[in-house]
Amino acid sequence: MIRVVYKMGREFIDLFEEWSKSYDDTVGGHDIEYQEVFKHYDRILDSVTNRAYGHVLEFGVGTGNLTERLLKKGLKVSGIEPSPAMREIAVSKLHGKTEIVDGDFMDFPKPEKVDSIVSTYAFHHLTDEEKEKAIANYGKLLNTGGKIVFADTMYQSREAHERAISDARQAGFHNLANDLQTEYYTTIPFLEKALEAHGYKVNFERCNQFVWIMEAEKL
């Protein structure tokens, strides 16, 4: 019998422990390889924030940039972040305004009531199989009208994903090309099918060459 081992994105923690030192500089556009990935970064975070309401469960808090906006909007936020170094920066930045706990997209302390589940630049740490399992689990937390709002790199087709890898190589962006190959970037048709199968109405909005916002409402 084949035993399926879910890594749940934690195989990337060492990367984020190191990246925590320069993450805010990267999202600010200081790394030329990732400038397009983080183009309109502030606008993307604001768009996710504007779509969220009520008690918000945030996955992949990172250094707390989205969390900060959610709190300023007056929302209650339960933050989940697997990287100790990232958590430390987020806690310092947020001045204790909310708790950031250890966890990931699939293994986390379950709040009693959640209205919105949000994340930016993180869902690609899960395989497609894990993504669908996570989506099924979120349906148990959300009431009718509850939302999943994720901003992440995704593609309209596998061919588009392959073209992005090729374009990165041709531009000499070898770190970006490696990233696009080694992490689990998915397609919009896959996410749409998975969400609809679990009782969501979903739409997608493009933010830049790489990132789309996925907004799914539980029916």
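Buried here means under 20% relative accessible area, exposed over 50%, and partly exposed in between (1.4 Å probe, protein chains only). The model is predicted, so local features need pLDDT of at least 70 and side-chain atom pairs count only at pLDDT 80 or more, while totals for chains, interfaces and linings use all residues. Residues are numbered from 1 along each chain as its sequence is written, and side-chain values use heavy atoms, with hydrogens and water left out. As for pLDDT (the predictor's confidence in each residue, from 0 to 100), the protein averages 92, and 90% of the residues score at least 70. Residues 1-6 stay under 50, and the model has five contacts for them beyond four places in sequence; contact means heavy atoms within 4.5 Å.

Helices (H or I, at least four residues) and strands (E, at least two) are DSSP runs, numbered from the N terminus. In helix H8 (residues 174-182), the buried residues are Leu176, Ala177, Asp179 and Leu180. They cover an arc of only 160° around the axis, which puts them on the same side of H8; the arc is that of the directions from the helix axis to the C-beta atoms. His174 and Asn175, on the other side of H8, are exposed. The buried residues pack against helix H7 (158-170).

Helix H6 (128-138) has its own buried set: Glu130, Lys131, Ala134, Ile135 and Tyr138. Their arc is only 140° around the axis, which puts them on the same side of H6.

Seven strands form an open sheet with mixed pairing, in the order S3-S2-S1-S4-S5-S7-S6. Strand S3 (100-101) and strand S6 (200-206) are the edge strands, each pairing on one side only; two strands pair if DSSP finds at least two bridges between them. Strands S1 (residues 55-59) and S2 (residues 76-80) run parallel and are joined by five bridges, with His55 partnered by Lys76 in S2. Helix H4 (residues 65-72) packs on the sheet, where it touches S1, S2, S3 and S4, and its direction makes about 175° with that of S1. Axes are lines fitted to C-alpha atoms, for helices over the stretch in contact, and angles run from 0 to 180 degrees between N-to-C directions. Asn65, Leu66, Thr67, Leu70 and Leu71 of H4 are buried.

A salt bridge is a side-chain nitrogen of Lys or Arg within 4 Å of a carboxyl oxygen of Asp or Glu, and the count comes to ten. In one of them, Arg69 meets Asp42, with the closest N and O atoms 2.9 Å apart. This pair links distant parts of the chain, from helix H4 to helix H3, 27 residues apart. Arg69 is partly exposed at 22% relative accessibility, and Asp42 is partly exposed at 46%. Lys131 and Asp128 also form a salt bridge (3.5 Å, N to O); they are three residues apart in helix H6, so about one helical turn separates them. Lys131 is buried at 1%, whereas Asp128 is partly exposed at 21%.

Finally, a word on backbone angles. Most residues other than glycine have a negative phi. Tyr121, however, has a positive phi near 55°, and this residue is buried at 8%. His40 has a positive phi too, near 65°.
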